[in-house]
Amino acid sequence: MNSLLRSTLRTKACVFFFFFLVTASSLAYAALSRRVQENLLQVPLWSRSNSTESSLAKDNSTNDVKNGQGFKGHGMLAPFTAGWQTTDLHPLVIEKSEGSYVYDVNGQKYLDALAGLWATALGGSEPRLVDAAIAQLKKLPFYHSFWNRTTLPSLDLAKELLEMFTARKMAKAFFVNSGSEANDTQVKLVWYYNNALGRPNKKKFIARAKSYHGSTLIAASLSGLPALHQKFDLPAPFVLHTDCPHYWRYHLPGETEEEFSTRLANNLEQLILKEGPETIAAFIAEPVMGAGGVILPPSTYFEKVQAIVKKYDILFIADEVICAFGRLGTMFGCDKYNIKPDLVSLAKALSSAYLPIGAVLVSPEVSEVIHTQSNKLGTFSHGFTYSGHPTACAVAIEALKIYKERNIVDQVNKISPRFQDGIKAFSDSPIIGEIRGTGLILGTEFADNKSPSDPFPPEWGVGAYFGAQCQKHGMLVRVAGDNIMMSPPYIISPGEVEELISIYGKALKETEKKVQELKSQRK
């Protein structure tokens, strides 16, 4: 009996020790992971050390709310935010917008160099958009567009968009609430289209590495950013990804832009042939890749890619969510790169982000098939409660009027050269690998020795540090690893462009110093 008891105790002790080791190692890993994330993610980690004595001396009861402490551990499941950030850090709480600026609850002013999320094209205080919303809310705040019922604003907006998009003729506009919903809708439309044509196997989609098409299930699958797939069981199996067209990072030694484009087009064709052209339904691309790092297409890229997809009867979807309505210095990205799409996704600047709205533009060839198929089935069973929301449509109509009246494309082309040249003047910095952009969109990629194959150690958080310095000096930018992205409002003034360039320069100088310190510590 004693022997059995001793054996049982030894077994329990071993089991306990095993679980102790597992728990300890898990906690150690979690702590290490967290330290790395603190450097990688754009969070105001440096804000405490940069606080002024006067701000710290303020009445505590006011500070609890005003500096965001009252919102620490808030009830939101925050998008694109690590859980520990919401519990351990104070959120930057924006309270007011005015032109190209936003203000936090402390009254701190920031130049919004990302236009919210690539979206507030007309800035944060356009009275005509506010008035359009109020007028529609007073008249008809909501009605749906199901069962052949609809509203005048949704009809008027559809007509306006079809007339405005001139890269090729479009026949119909379908309304959604976001770019993600637009791209989810694209997949359903393409499947519906191919089923109607008796091609049930032609269902696969080809997107590109580093692309961003949204964060819903299908849109995230189309996106070529691994973070959107991890632990979500994505991408869906019908989505394939082809090469990212980033010349600086991926070109071979001595390879010209045109040769690089030819190689990528050939790779795309080989992927199509490998999978079987009869299985590939559509190819989706942003004219300029946004969240993937502001990646411009190399010379002749879209010319060659369009020839390949047309050869194999594959639909071309232009994701214009970021590029449309003037961002690149043309009304649409398709205009700039001579893209002739079958389907187009729109959102963001469609309403200058004042209300959520997006749209899908459908070519005559595709819409005619959908029309015929819906007649056979008795209905086209796709839509959302808020498809063509009359208030969102009214604001979008007013935004499009403003773009036309103020000749927004000319305005972008007048202000963007200084924006581009001013930032690209910092290209010689030893910590910058590449600065790239066009119109009012620009990306900076940090790299050691100016080489795409020599990144800084992730735990250094070079991009996050730069973003924090920008915020300290009164400017908000987008940080993704060691990539910095900017897309200011179209209404940014020459003086505000100079302010943007100045703050960028200050933040860069401080980041260069930080990198030098980190390098010296490593030796």
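Contact is taken here to mean heavy atoms within 4.5 Å. The structure is a predicted model, in which local features need pLDDT of at least 70 and side-chain atom pairs count only at pLDDT 80 or more, while totals for chains, interfaces and linings use all residues. Residues are numbered from 1 along each chain as its sequence is written, and side-chain values use heavy atoms, with hydrogens and water left out.

The chain has 18 helices and 15 strands; helices (H or I, at least four residues) and strands (E, at least two) are DSSP runs, numbered from the N terminus. Of its 523 residues, 50% are buried, where buried means under 20% relative accessible area, exposed over 50%, and partly exposed in between (1.4 Å probe, protein chains only). Among contacts with a separation of 6 or more, 71% are between residues 24 or more positions apart.

Ser178 is placed in the loop between β4 (172-176) and α8 (179-196). Its relative accessibility is 25%, so Ser178 counts as partly exposed. When residues up to four places away in sequence are not counted, Ser178 touches Ala347, Ile357 and Gly358. The C-alpha atom of Ser178 is separated by 7.5 Å from that of Lys348, although the two residues are 170 residues apart along the chain.

Strand pairing was assigned where DSSP finds at least two bridges between two strands. Strands β2 (residues 101-104) and β3 (residues 109-112) run antiparallel and are joined by 3 bridges. Within this pairing, Tyr101 has Leu111 of β3 as its bridge partner. The hairpin of β2 and β3 has 4 residues between the strands, and Gly107 in this hairpin takes a positive phi near 90°. Strand β3 is also joined to β13 (residues 475-476), by 2 bridges, and these two strands run parallel. In this second pairing, Leu111 stands opposite Met475.

Helix α15 (residues 390-405) has 16 residues, which at 1.5 Å a residue should span 22 Å, and its end C-alpha atoms are 22 Å apart, in agreement with that value. The expected span is 1.5 Å times one less than the number of residues in the helix. Because 13 of its 16 residues are buried, α15 is largely enclosed by the rest of the structure. The helix is followed by Asn407, with a positive phi near 45°.

Most residues other than glycine have a negative phi, and most peptide bonds are trans. Trp147, which is not a glycine, has a positive phi of about 55°. This residue lies in the loop between α6 (127-139) and α7, and at 64% relative accessibility Trp147 counts as exposed. Lys450 likewise has a positive phi, near 60°. Lys450 is found in the loop between β12 (441-446) and α17 (462-472) and, at 33% relative accessibility, counts as partly exposed. The peptide bond that joins Leu234 and Pro235 is cis, with omega about 5°. Pro235 lies in the loop between α9 (217-222) and β6 (239-242).

Grid points are joined across faces, edges and corners, and a volume is the space filled by probe spheres set on the points. The second largest pocket has a volume of about 1,100 Å³. It is lined by 27 residues, of which Ser145, Ala173, Phe174, Phe380 and His382 are the closest to its centre. Two or more lining residues come from each of α7 (152-164), β4 and α14 (364-377). By class, the lining of this pocket has 12 nonpolar, 13 polar and 2 charged residues, with Ala, Val, Leu, Ile, Met, Phe, Trp, Tyr, Cys and Pro counted as nonpolar, Asp, Glu, Lys and Arg as charged, and the others, Gly among them, as polar.

The count of cavities of 30 Å³ or more is 1. The largest cavity has a volume of about 40 Å³ and is lined by Thr242, Asp243, Leu264, Leu268, Phe283, Tyr301 and Val305. Helices α11 (257-275) and α12 (301-311) are the elements that give two or more residues to this lining. The lining of the largest cavity divides into 5 nonpolar, 1 polar and 1 charged residue.

Conventions:
1 Å grid on protein atoms, 1.4 Å probe; cavity = no way out; pocket = protein on both sides within 12 Å on 5 of 7 lines; lining within 4 Å.
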